[in-house]
Protein chains: 4
Amino acid sequence: MKLTILIHCPDQSGIIRSVTTFVHQQEGNVVYLDQHVDKQVGVFFMRLESEFEKKVSLEAFKKGFEQELAQQFQMEWDIYLGAYRPKMAIFVSKYNHCLYDLLSRYNSEELSVDIPFILSNHRDLEYVAEQFQIPFYHVPVTKDTREEAEEKQLELLKKHEVDFIVLARYMQIVSPKLIDVYPQKIINIHHSFLPAFVGAKPYHAAFERGVKIIGATSHYVTSELDAGPIIEQDVTAVSHSHSIKDFIAKGRDLERIVLSRAVQLHVARKTMVYNNKTVIFS
Amino acid sequence: MKLTILIHCPDQSGIIRSVTTFVHQQEGNVVYLDQHVDKQVGVFFMRLESEFEKKVSLEAFKKGFEQELAQQFQMEWDIYLGAYRPKMAIFVSKYNHCLYDLLSRYNSEELSVDIPFILSNHRDLEYVAEQFQIPFYHVPVTKDTREEAEEKQLELLKKHEVDFIVLARYMQIVSPKLIDVYPQKIINIHHSFLPAFVGAKPYHAAFERGVKIIGATSHYVTSELDAGPIIEQDVTAVSHSHSIKDFIAKGRDLERIVLSRAVQLHVARKTMVYNNKTVIFS
Amino acid sequence: MKLTILIHCPDQSGIIRSVTTFVHQQEGNVVYLDQHVDKQVGVFFMRLESEFEKKVSLEAFKKGFEQELAQQFQMEWDIYLGAYRPKMAIFVSKYNHCLYDLLSRYNSEELSVDIPFILSNHRDLEYVAEQFQIPFYHVPVTKDTREEAEEKQLELLKKHEVDFIVLARYMQIVSPKLIDVYPQKIINIHHSFLPAFVGAKPYHAAFERGVKIIGATSHYVTSELDAGPIIEQDVTAVSHSHSIKDFIAKGRDLERIVLSRAVQLHVARKTMVYNNKTVIFS
Amino acid sequence: MKLTILIHCPDQSGIIRSVTTFVHQQEGNVVYLDQHVDKQVGVFFMRLESEFEKKVSLEAFKKGFEQELAQQFQMEWDIYLGAYRPKMAIFVSKYNHCLYDLLSRYNSEELSVDIPFILSNHRDLEYVAEQFQIPFYHVPVTKDTREEAEEKQLELLKKHEVDFIVLARYMQIVSPKLIDVYPQKIINIHHSFLPAFVGAKPYHAAFERGVKIIGATSHYVTSELDAGPIIEQDVTAVSHSHSIKDFIAKGRDLERIVLSRAVQLHVARKTMVYNNKTVIFS
C-alpha cells in the first residue's frame, strides 16, 4: 500500500523530523520526500510518499495525522491512496488536437485516469468520443442558456463523481459556480506564453508583435481570466518566415504537450497551490 | 571583393531575376540569396551576397543599382562592403556581465567590430574598460543634466563616427534625439520575454506571477519603451524552488547570449526592419 | 497552379538567374526561393515555388526545364505539383503513440496525405486502424518468412501506389530490397539522439551512461542501421531522478513530435539528400 | 552558521528521520532537504542544509555524525561549512572563451571561489591572467617532458592547496596521477553531446554526420577519455546552412554555459557521484 502526503504550513523547525517519525510509527517507509520553503511568505511545503507492507486504514491514518501533527504545525494537508484513479472530465469545443492527445495517452495507459465523459458546446467532436467509446454530452452555451448549461454541467459532474476537469481548448469562460465546486481542479491550456497575450487570439497578437518565440501555458482556472496558478509552460522558436497559420500549427504541438504534462502532474499529485502560484514537485 | 545587398520593396514579379541579372552584368557571382515575402503587407525582402573577382567601384555599383533596379521596383536598399568593420559604442551602467561578454568576444575576434568607446553614467565599470584598453567616458545623468548628457553623448558618437550603439544593461531611457540619429541602430537587451513584463524589475514581476520560464529579449530601440522590433529572444526554465536572486542569476546568462546574438546578426547585416518587426536572414 | 522545383548541381555562376528567367518565360511568378551551397563538396541546392495564373502543362514544363536548364548545369531535379497529396503507408509494431499522433494529424487535416494502409507484423494495433477506418494488413515476420513478408510488403506498396513509407516504431529491420524501391522515401524514428546509442534499447543505454539529455532522431532509412540522413532531431532534459521508465515516457513525446515534423517536411518537399546528409529548406 | 551534509548509503528505512533528528539534537534547523533513491542499485542519496543559531564545532559535529549515524547506516558522507570558498585552479590551452567566462563570473562574485592560479601549456592566454591579476604558470607539455610537467602541476596544486581543477578547454589528457589526487574534483568541458563524438574534433564529426543539434558536456575526469560522470549538458540547433566554423562558433557559447553551470553546481556542493553517474541536487 502506498500513500502520498501533501502538506503546507507555516515554516518552523522540526516538521520533517515529526512527519517522518509519524510515518515510521505507522510502520511506513518513506520512499520519496521533497520539500520547499517559500521564504517570502514563510510557508513550508512537503510531498512525501510512503509504502506500507501491512494494510493500513486510511481513515485511521488521516485521523492520527490530523491529531498528532496537523494541529501542532497548523498544516493544510491531503493524503492520497496511490492506487486511486481519478475521474477526469474533458470539456472541448471544436479543436480536436488536445482531445486526441489526451485520449491516445489514456488509451495506452500513459494517463492513469478514468474518463466518465467528454462535454462540448458543439457536436463537432462527438465522433472522436465515439472512436474511443467515451460518453459524449452536448451542452450548447448561448447568452440565454448559460445558466441552464451550467446547471447541466454541474449535474453531470456530480452524477459521475468527477474529480477534476480538463479544458482541452474549450473556448468558453467557465462560470464561477463551477470554479467554486472545483477549486484548483480545473486545468486550462492557454495558447500563449502567459502573462503575454492574455485573452482571445494570442497567436495573432504574437504575430503582430513580431516575437521570435511562442508558447503555451497550462494553469488552474480561477475567476480572473488566464491569471490562475501556472502549472506548466513551454515555448518554440518562430521567425519572420512563419505566417499566423504556421504559428497556430506550431502552437498545436505546444498545446498538446503542455496540457498533457500538466494533467500528468495533477494526476500524480505533484502540484500544490499557494498565493496563486504552484509548487511542482519532481 | 564581397558585397551584401539588402532590399525591401512592394512584392511584384521579376525582382529576383532582375537583381541576379544585374549582379551578373557587373561580373559578380551570387553566393547567397535569401528572400521573404510578408503576405500581409505585400512586401518583398531580400538579402544577397555576391563575390567579384575584379575590383568594383562601390559608388558606381550603387549608382547603377539605383538607376537600373531600385527606381523600377521602388526599392529601399543598402549595399555593404564585406570587409568593413562597423564601429560599435557600448553604453553600460553598473552590471558587468553583458559588457564582459561583448569584450571577450571582441578580444577573441568572435565579434568583427571596432569599439571606439564605452560610455556609462557611473564609474563602476571603468576598470573593465581599462582591462581591455578601451576608452571610457563617464557621462552622469541626473534629472537636471539629462539634456547636457545627451549633447555629450551625441558629440562623442559623432566624433568617433559610431555606426551603432549597444545598450549592455544601460538602465537609462535613451532620448528620442539619439534614436532619431541612430534609427534601428541602437540595440537593447531587456531582461524579460517581451511583451511580458515591460519596464522595470521584470524578474520580480515574473517571480510574482509564478511563471515556469523566464526570458530575455534584444530589440532595436524605438521611442516606445521596450516595444521596438525584436531581434532575438531566448528563455530558460525556472521553478518554484528558484528565488528572485536565482531568476536574476539565470537571467544574466540569457541576457549575455541574447544580446551577443543580436549584435552578431546586426554586424553581419542579417537584420531588416519593417512595420516594427524584423526579418532575420539565416 | 503551383509548382515546387528542387535542384542540386555543381556550384557555378548564373544558376539562380537562369532558373528564375526560365520560370518567368513560362509566365510563372517566383513566390519562394531558398538556396544553399555546400562549399565542402561544391554543390548547389535550390528550392523554388512558383505560381502560374494560367494552366501549364507539367509535362511540357518538365521537358523544357530538362532541355534548357538541367543539361547545361548538370542538374538533378524534381518538380512537384502543389496540389498533389502523396500516398503514405505506415508500418508499426506494438507501440501506438506515434501511430495515434500521425492519424490524429491526418484526421484534422494537419497532414496533407492519403493513407492507403497501415501494416504491422503484429495484430496489436489493428484496433487503431479500425478507429480511423484505415485498411490494416497483418504481415508477420519471422526468420523463416522474412522473404515472403518482403514480397507481400512490396506487392501492397505497389498495388496502392505508395509514395513514401513511415516507420512509426516498426521495430523491424527493413530489407535492402524495399530501400532500393523507396530510396530516401522511408522515414524512420529512432529513439535516441543519433549518433549516440545506435541500435536496440537506446533509453537503457542512455540511462546507463547517466546523460542529462535524451533525444529522438528521424532519418531516411539506408542499408546501414540508424545511419541514414538525419531529417530532424529534438531533445529533452532528464535527471538522476528519472528511471528508465521515465526516460521511455519522456521519449514517447519526443518520438511523436520528431517523427511528425520529419513527415511534414517530407510532404512539403522541403528535404533534399546529398552525401548522406539532408538539406532542409525553411 | 550553515552546514551542508551530503550522504549516500544502502537504501533502508529510517534514514531521513534519523538524520533530521540528529540535526535537531544539535540545535540545527533543516532549511533544505533533497533525497534520491537509485532503485537499480539500492542506494540512498541525500543533501541537507541546516542552520545553527549558536556556533557549533564542525569537528564535534562530524565526530558525532560519524558515531551516531554513519556507522549504523554505512554512510559515505561529507559535511561542508557554508561560508568556505573553495580554491579552484584553471587549466587552459589556447582558447580563451571559457576562461573569460569563468573569470568574469569570478570578478562579479557570481562564482564564489578563490583562484590561486591559471596554468597552461602555452603562453597565449597569459595576457588574460594579467588582465584579471591572477598568477599564471606556463608548464609546457611535450612527449619528453610529460612526467616532469605532471610533477610541476602536482607541486603547484599542493602548494596552493587547490580544492578542485577546471579544465577550460585544456586540450591535454590529464595524467592518472593527477586524477588519483583529485578524484571527482577535475571538471572538464567536452565540445560534444556525449557519448556522441568522443575524442578529438567533435564538431568536425558532427558536421560530417549531418546532425541537426550539437551539444557540449561537462563531466568529472576519470581515467577513461570523455567517459566520466556527466554533470551538465546542453544543446543548440544547427542546420545544413552552418559550416564547421559556424558549429565551432555556436559551440563556444554552449561550452561557456555548460562549463560554468557545472562549476557552480560543484561549488554549491550539489553534485554526488556514484557508479560513474552524478546525482545533481536542485
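Biologist: Where is Glu110(D) found?

Modeller: Glu110(D) sits in the loop that runs between helix 3 (97–107) and strand 6 (118–120) of chain D; helices (H or I, at least four residues) and strands (E, at least two) are DSSP runs, numbered from the N terminus. This is a predicted model, in which local features need pLDDT of at least 70 and side-chain atom pairs count only at pLDDT 80 or more, while totals for chains, interfaces and linings use all residues. Residues are numbered from 1 along each chain as its sequence is written, chains are lettered from A and ligands numbered from 1 in the order in which they are written, and side-chain values use heavy atoms, with hydrogens and water left out.

Biologist: Why does Glu110(D) count as buried?

Modeller: Buried means under 20% relative accessible area, exposed means over 50%, and partly exposed lies in between (1.4 Å probe, protein chains only). Glu110(D) counts as buried because its relative accessibility is 12%. Leaving aside neighbours within four places in sequence, Glu110(D) is in contact (heavy atoms within 4.5 Å) with His97(B), Arg252(B), Arg256(B), Arg105(D) and Gln264(D).

Biologist: Which side chain meets that of Glu110(D) in a salt bridge?

Modeller: A salt bridge is a side-chain nitrogen of Lys or Arg within 4 Å of a carboxyl oxygen of Asp or Glu. Here the partner of Glu110(D) is Arg256(B), with 2.7 Å from N to O, and across the interface of chain B and chain D the rule finds 6 salt bridges.

Biologist: Which elements of chain B give two or more residues to the side that touches chain D?

Modeller: They are helix 3 (97–107), helix 4 (126–131) and helix 8 (244–267) of chain B, and helix 3 of chain B gives the largest share, 5 residues. By type, this side divides into 4 nonpolar, 6 polar and 5 charged residues, where Ala, Val, Leu, Ile, Met, Phe, Trp, Tyr, Cys and Pro count as nonpolar, Asp, Glu, Lys and Arg as charged, and the others, Gly among them, as polar.

Biologist: How is the size of an interface given?

Modeller: It is often given as the accessible area lost when the parts come together; buried area is the accessible area (1.4 Å probe) that two parts lose on being put together, summed over both. Between chain B and chain D this area is about 1,400 Å², with 39% from carbon and sulfur atoms, and 15 residues of chain B are in contact with 16 residues of chain D. Between chain A and chain B the area is about 2,600 Å², with 61% from carbon and sulfur atoms. In chain A, Arg209(A), Lys212(A) and His240(A) lose the most area to chain B, together 27% of what that side buries.

Biologist: How many salt bridges does the rule find across the interface of chain A and chain B?

Modeller: The rule finds 0 salt bridges there, although 32 residues of chain A are in contact with 32 residues of chain B.

Biologist: How far from Arg209(C) is the nearest side chain of opposite charge?

Modeller: Lys and Arg count as positive and Asp and Glu as negative, while His and the chain ends are not counted. Arg209(C), in helix 7 (residues 202–209) of chain C, is buried yet has no salt bridge, and the nearest side chain of opposite charge, Glu224(D), is 7.6 Å away. A polar atom of the Arg209(C) side chain does lie 3.4 Å from the backbone oxygen of Ala227(D).

Note on methods: A polar contact is a pair of N or O atoms within 3.5 Å; within protein, one must be able to donate a hydrogen and the other to accept it, and residues adjacent in sequence count only if both atoms are side-chain atoms.
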